[in-house]
Amino acid sequence: MNWLETVLVIIAISLDIFAAIACKGAQLSKIEKKPLMILCALFAAWQAVALGLGSLAGSYLYRRDIHQTSNSTESVAAVLFVALAVMMLRKAYQKENFTERRNDEFAWKRLVCRLAFISIGTLILGVALGFLGTPTITVLVVVLLVTVCVVIAGLYVGYHFGYAIRPKVYAAAGILLVIAAVDTAIRHIFFF
């Protein structure tokens with residue numbers, strides 16, 4: 001994948017973080033810098049590890065497949081993009097009970113648990129990017145920058161607009177991942 005496609009799919013998977021952080025932002029009476037910086041560092045590091053491990057695994061399998069005539073890793077990458085898109089679209093239409101009430105306390109254990117579930121999708125995305133031969137260093141730099149931006153934006157959007165934006169965010173993520181799947185299928189599978 002080229003750098004623009006890489007940025008778009010990482011933004012798509014990071015919108016899951018955006019929705020989770022917007023939930024917390026909707027509860028805050030004031031956004032303080034110290035917890036925001038901790039959130040940025042925690043989420044960026046965790047996402048980088050998950051995406052990096054997935055990318056390394058996918059790159060290893062890609063290098064093994066490169067000597068064959070089939071495009072099996074590219075086909076699997078397209079399927080993984082579709083699976084992630086379905087996951088995001090399902091979240092867009094899933095009703096989640098959430099009461100927006102002021103709570104300035106950060107439940108760090110709960111946030112880490114949520115981050116662990118989010119990182120499963122990130123790991124899968126890393127494998128897909130590795131299958132497409134995307135350099136791991138590119139993936140890591142992009143995920144660090146995007147995650148910090150998404151955490152900050154999610155907290156402020158949630159603070160100002162509440163949690164109602166969640167379905168639209170997941171729908172946008174799903175659409176971006178469908179576009180990535182179609183692009184991968186066209187460029188890597190159908191037109192070798």
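Is Asp-16 buried or exposed in this predicted model? Asp-16 counts as buried, because its relative accessibility is 2% and buried means under 20%.

**View 1. Salt bridge between Asp-16 and Lys-91.** The two side chains meet with an N to O distance of 2.8 Å. The pair links distant parts of the chain, with Asp-16 in helix α1 and Lys-91 in helix α3 (residues 72-93), 75 residues apart. Lys-91 also counts as buried, at 18% relative accessibility.

**View 2. Salt bridge between Arg-187 and Glu-5.** The N to O distance here is 2.9 Å. Arg-187 lies in helix α6 and Glu-5 in helix α1 (residues 3-25), so the contact ties together parts that are 182 residues apart in sequence. Glu-5 is buried, with a relative accessible area of 13%, whereas Arg-187 is partly exposed, with 37%.

**View 3. Salt-bridge network of Glu-5, Asp-183 and Arg-187.** Asp-183 forms a salt bridge with Arg-187, and the closest N and O atoms are 3.4 Å apart. Both Asp-183 and Arg-187 belong to helix α6, where four residues, about one turn of the helix, separate them. Arg-187 also bridges to Glu-5. The structure holds three salt bridges.

**View 4. Nonpolar surface patch of Val-178, Val-182, Ile-186 and Phe-190.** Together these residues have about 360 Å² of accessible area. Phe-190 is placed in helix α6 (residues 166-190). Phe-190 counts as exposed, because its relative accessibility is 58% and exposed means over 50%.

Conventions
Residues are numbered from 1 along each chain as its sequence is written. This is a predicted model: local features need pLDDT of at least 70, side-chain atom pairs count only at pLDDT 80 or more; totals for chains, interfaces and linings use all residues. Side-chain values use heavy atoms; hydrogens and water are left out. Patches are made of residues with over 30% relative accessible area and no salt bridge: like charges are joined within 9 Å, nonpolar side chains (Val, Leu, Ile, Met, Phe, Trp, Tyr) within 5 Å. Accessible areas come from the Shrake-Rupley method with a 1.4 Å probe; for residues, only the protein chains shown count as cover. A salt bridge is a side-chain nitrogen of Lys or Arg within 4 Å of a carboxyl oxygen of Asp or Glu. Helices (H or I, at least four residues) and strands (E, at least two) are DSSP runs, numbered from the N terminus. Buried means under 20% relative accessible area, exposed over 50%, partly exposed in between (1.4 Å probe, protein chains only).
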